[in-house]
Amino acid sequence: MQEDTLKRIDAAAEAMKDQLVRLSLQIHAHPEIAFQERQSAAWLCELLAGAGFAVQKPVAGLETAFRADWLGRGARADADGASGAGAPVRRVPTVAILAEYDALPEVGHACGHNIIGVAAAGAGIALKQAVPDLVGRVVVMGTPAEEGGGGKIDMVNAGLFDDVDAAIMVHPTSGESKIGSTSLATHSIVFNFHGRPAHAAATPHLGINALDAVVQTYVNVSMLRQQMTPDARVHCLITKGGSVINIVPEEAEIRYLLRASTKENLATLVAKVKECAEAAARATGATLKMEEQVGYGARKLNVPLGNAFKAQLRRAGLEVADEPSPSGGSTDFGDVSQKVPAANAYVSIAPKGVAGHSREFAAAAASDAGMAALMVSVKAMAATALAALTDEELRSHMSRAHGARSSQSTIQ
Ligand SMILES: [Zn+2]
Ligand SMILES: [Zn+2]
């Protein structure tokens, strides 16, 4: 990429700085939780529409999801040229920059999504302004409910990424800035046990204790931990455990969230945990009902795209770890990365040790460091999107790394 193009991107970003910082702080001061991000989505759409993006909202049946498209002049000319009879329809190279803008209950923007949303919109607009003749399409994808609900999954399933060649996003972090490699795929299961009530002192032998089935499940799964793959994570809550002290508990329930770094490891884990509950039901005589929900897909890093992203973050003045590293958590960006070549950068806004989802992190998301991260993200994402649209060598490396098989939907 030419140096003067990159300089134009930086200048376009700097020219919008006050507006972007103001909007990010405004979203921070008005936290809206998953699927209720009405005002935040509206503000972002207003900014994008004002800058000449074609905004569709709602999309994928989600009130607070949007897709904002801008087609470069070069691509329009291309399309006109190819519109003669019999001319082949050329697909326009398309990059999606992902926006998140949901907050958390009680702690507000303690995951810093006020930075993600505005960075994505700013990057799209900076690229449009710096390279109006672009042969390509830039899409700012407004993805609600990352913290619970996974708007991106619905958007992938609704086909909003079908014409996308690459997807990028930033996320604030503490400590070192880095490119994210894997995140964990998730699956949740509720095991509901029904026993038989009986007088707990006079006739306990006539009862079936549903709480025992829950405790037995808990113990079985705890023992299973020794044989789980090291990437596996299992959390549980006992959500029902009987209600009257002198009655053998009739109903009890335990809820699990299971995670692993691959679809295969997760499938094995899910099957074994179910067996633990089934064994507990057999041992106690309780009947078992299961309710399960497939969660987020595992994130797959597209290494060539990740390297290009890293180079642009460094160019924008950020220190970035050499090697990509996994996140212990899970994100619906995983589902996007299973569909298209994708890279997710983590940009530091706080010193090491400041935990995500804490009040300290929420404060960092509105700090000078947070706003500096916002501006670095705008410049780096605009430049990375440009590279992914115009650098033929990068494009072929990206699609090779993604694999022919995954160019079809492989959402888990
Ligand atoms: Zn979060
Ligand atoms: Zn987050």
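Which strands does α7 lie across, and at about what angle does α7 run to β9? In this predicted model, α7 lies across β7, β8 and β9, and its direction makes an angle of about 20° with that of β9.

The strands concerned belong to an open sheet of four, in the order β8-β9-β7-β10, with antiparallel pairing. Its edges are formed by β8 (233-241) and β10, each of which pairs on one side only. Phe193 is placed opposite Ala252 of β9.

Helix α8 comprises 22 residues (263-284), which at 1.5 Å a residue should span 32 Å; the C-alpha atoms at its ends are 32 Å apart, so expectation and model agree. The buried residues of α8 are Asn265, Leu266, Leu269, Val273, Cys276, Ala277, Ala280, Ala281 and Thr284. Viewed down the helix axis, these buried residues fall within an arc of 150°, and they therefore line one face of α8. Ala271 and Arg282, on the other side of the helix, are exposed. The elements that cover the buried residues of α8 include β7 (185-194), α7 (210-224), β9 (251-260) and β10 (287-294). Gly285 follows the helix and has a positive phi, near 85°.

Strand β5 (residues 166-174) was examined separately. Nine of its nine residues are buried, so β5 is largely enclosed by the rest of the structure. The burial applies to both directions in which its residues point: Ala166, Ile168, Val170, Pro172 and Ser174 point one way, Ala167, Met169, His171 and Thr173 point the other way, and all are buried.

Pairing of β5 involves β3 and β11. Strand β3 (residues 94-99) runs parallel to β5 and is joined to it by three bridges; Ile97 has Ile168 of β5 as its bridge partner. Strand β11 (residues 342-350) also runs parallel to β5, and eight bridges join the two. In this pairing, His171 has Tyr346 of β11 as its bridge partner.

Key:
Residues are numbered from 1 along each chain as its sequence is written. Chains are lettered from A and ligands numbered from 1 in the order in which they are written. This is a predicted model: local features need pLDDT of at least 70, side-chain atom pairs count only at pLDDT 80 or more; totals for chains, interfaces and linings use all residues. The expected span of a helix is 1.5 Å times one less than its number of residues. A residue is buried if 20 or more other C-beta atoms lie within 10 Å of its own, exposed if 12 or fewer, and partly exposed in between; C-beta atoms are placed from the backbone. The arc is that of the directions from the helix axis to the C-beta atoms. Two residues are in contact if their C-beta atoms, placed from the backbone, lie within 7 Å. Two strands pair if DSSP finds at least two bridges between them. Axes are lines fitted to C-alpha atoms, for helices over the stretch in contact, and angles run from 0 to 180 degrees between N-to-C directions.
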